[in-house]
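The following note sets out numbered points on the model shown below. Each point takes up one region or feature in turn.

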Amino acid sequence: MAAVLELIAGSYEQITFGYRVKTEGNDWTAKPDFTHHAHTASVSAVAASERFVVTGSKDETIQLYDMKKRTEHGALLHHEGTITCLEFYGSSHLLSGGEDGLLCVWSTKKWECMTTIKAHKGHVTSLSVHPSGKLALSVGTDKTLRTWNLINGRSAFIKNIKQNAHIVRWSPDGDRYVVVVDDKIDIYKLETASVTGTITNPKRISSVKFLNNSVLAIAGDDETVRFCDVEKAKWVCEFKAHETRVKAVDSLIVDDYCVLLTASNDGYIKMWKLHLKEELEPPVLLGEVNTTARLTCLAVWRPSSVQPISDGPSKAATSEELAQELAKKKRGRAITEKVIVEDESKPKKKKKNGGKKTVKQ
C-alpha cells in the first residue's frame, strides 16, 4: 500500500515548499503541491503535525498552514527575534523557541499561547520534547542545558555545559538524549544524566535525527551523511548524499524499512531507502526533487503519522521520576508559570493578552 506523505522545506528565499510524494515501488516521485510565501525573511524552522505545517523565520513570526484545508491559517506573533526551533507534541501542542530566550507552548485547538517561559539568558537554539510529553530539554547561548517539567511548568534541572550547544534531541524511547556543540555530539543517558559517549564529526553539524533508539543520522557542513551507534558511541556507516553541504535530515518508517530525507544548499531534497539492520549499509536513492532554492530546513508531513497521546504513565512512570533522574545534584530555579501540557478537556481560565496571534478561524 502506498504511503501518503509530503515533503516540506523552508528556504533562504522566504518560501516554504510542499511536495506530494508518490511512493509506489522503488521509484518515488515528488510533485509540487504548494508554495507558502508568508514570511518576509528567510525561513529558519519548520515542523509538521497531523493537521498543520508551521514555519518560523527571521521576521519574528510563526506562520500556520492548514494541510487539511490547504489554506493559510494565520500567524503567531509572540516572539521578538528569529524563531530558532519548532516542535509539535502530538497534534495538541506546539513548542517554539527564539532568539528572545523564550520557550512558548501553544495549544493547537485555538492557537493560544498557554505558557511563556524565559528559558535562557541568551538565545534558545534548540528544544526537544520527551516522548512522554512530561519533560522538555532546551539549549541556548548561555552555555546551559535546561530540563523543563511540562506538567507544572517548572525548571527541573540546569546543567552548565561550558559551551553554546545548538542542537538537543531525545531518542524515540526517551532513554537517551544527545547534545550537539559545533562538530561534537555528547550522548547522555537519562538514568544517570551523564555523558556515556562522545562522537566528533569531521565538520560542524547542521542536523541530526534518531532513526531508531540506537542509530543517529548526522549531517554537517559537507556532502556526507553519517550514521552513529549511540549505544556504542561509534560510527557505523556513511554515504555521499549531495554535491554541497547537507542542511537538514528527517526520516520516517515505511513498512519494514526507514526512509531518510535529506535537504541541501544545492536545492535538492532526496529520499533514501535504508534497512535498519545490525550491519548498516549505505542507503539506496528512491527519488529526488530540485526546488532550485537554497534550503534551510526540512520536515515530513503524514496525515496518520502522529501517535495518539497516552493518558497513562510512560516508560519512566511520572514527570517527578523523570525530573528526579535528571536532577541529581541541584534543582534549577522555579518558574512562575503553571501547567503547560495539560488535559484539553479541563476548563481553563482565560488569560489577558496570552500571546498575540492572528489566526483565521
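This is a predicted model: local features need pLDDT of at least 70, side-chain atom pairs count only at pLDDT 80 or more; totals for chains, interfaces and linings use all residues.

1. Leu-102 has Lys-118 of β11 as its bridge partner. β10 (residues 102–107) and β11 are paired in the antiparallel sense over 6 bridges. Two strands are taken to pair if DSSP finds at least two bridges between them. Strands are DSSP runs of E with at least two residues, helices are runs of H or I with at least four residues, and both are numbered from the N terminus.

2. Residues are numbered from 1 along each chain as its sequence is written, and side-chain values use heavy atoms, with hydrogens and water left out.

3. As to overall composition, the protein has 29 strands and 1 helix. Of its 361 residues, 56% are buried; buried means under 20% relative accessible area, exposed means over 50%, and partly exposed lies in between (1.4 Å probe, protein chains only). Among contacts with a separation of 6 or more, 48% join residues 24 or more positions apart, a contact being heavy atoms within 4.5 Å.

4. The sheet that contains the opening bridge is open and has 4 strands in the order β8-β9-β10-β11, with antiparallel pairing. Its edges are β8 (83–89) and β11 (112–118); each has a single partner strand, so one side of each is left without a neighbour in the sheet. On average, neighbouring strands here are turned by 20° against each other, direction ignored; the axes are lines fitted to C-alpha atoms, and angles run from 0 to 180 degrees between N-to-C directions.

5. How many of the residues of strand β17 are buried? The count is 6 of 6 for this strand (residues 176–181), so β17 is largely enclosed by the rest of the structure. Arg-176, Val-178 and Val-180 point one way, whereas Tyr-177, Val-179 and Val-181 point the other way. In a regular strand the side chains alternate between the two faces of the sheet.

6. With β16 (residues 167–170) the pairing runs over 4 bridges, and Trp-170 stands opposite Tyr-177. These two strands form a hairpin with 5 residues between them, and Gly-174 in the turn has a positive phi of about 75°.

7. The largest nonpolar core has 23 residues, of which Leu-7, Trp-28, Val-259, Leu-261, Ile-269 and Met-271 touch the most other members. A nonpolar core is a set of buried Ala, Val, Leu, Ile, Met, Phe, Trp, Tyr and Cys residues joined through side-chain atoms within 4.5 Å. Strands that each supply at least two residues include β1 (5–11), β2 (16–22) and β25 (257–264). The largest share, 4 residues, comes from β25. Ser-264 lies in strand β25 and counts as buried at 0% relative accessibility. A polar atom of the Ser-264 side chain lies 2.9 Å from the backbone oxygen of Arg-245. Beyond its neighbours within four places in sequence, Ser-264 is in contact with His-242, Thr-244, Arg-245, Val-246, Lys-247 and Leu-295.

8. Is Thr-244 buried or partly exposed? With a relative accessible area of 33%, Thr-244 is partly exposed, and it is found in the loop between β23 (234–240) and β24. Its side chain makes a polar contact with the side chain of Ser-264 at 3.1 Å, a polar contact being a pair of N or O atoms within 3.5 Å; within protein, one must be able to donate a hydrogen and the other to accept it, and residues adjacent in sequence count only if both atoms are side-chain atoms. The Thr-244 side chain also reaches the backbone nitrogen of Asp-266 at 3.2 Å. The C-alpha atoms of Thr-244 and Tyr-268, 24 residues apart along the chain, are separated by 9.9 Å.
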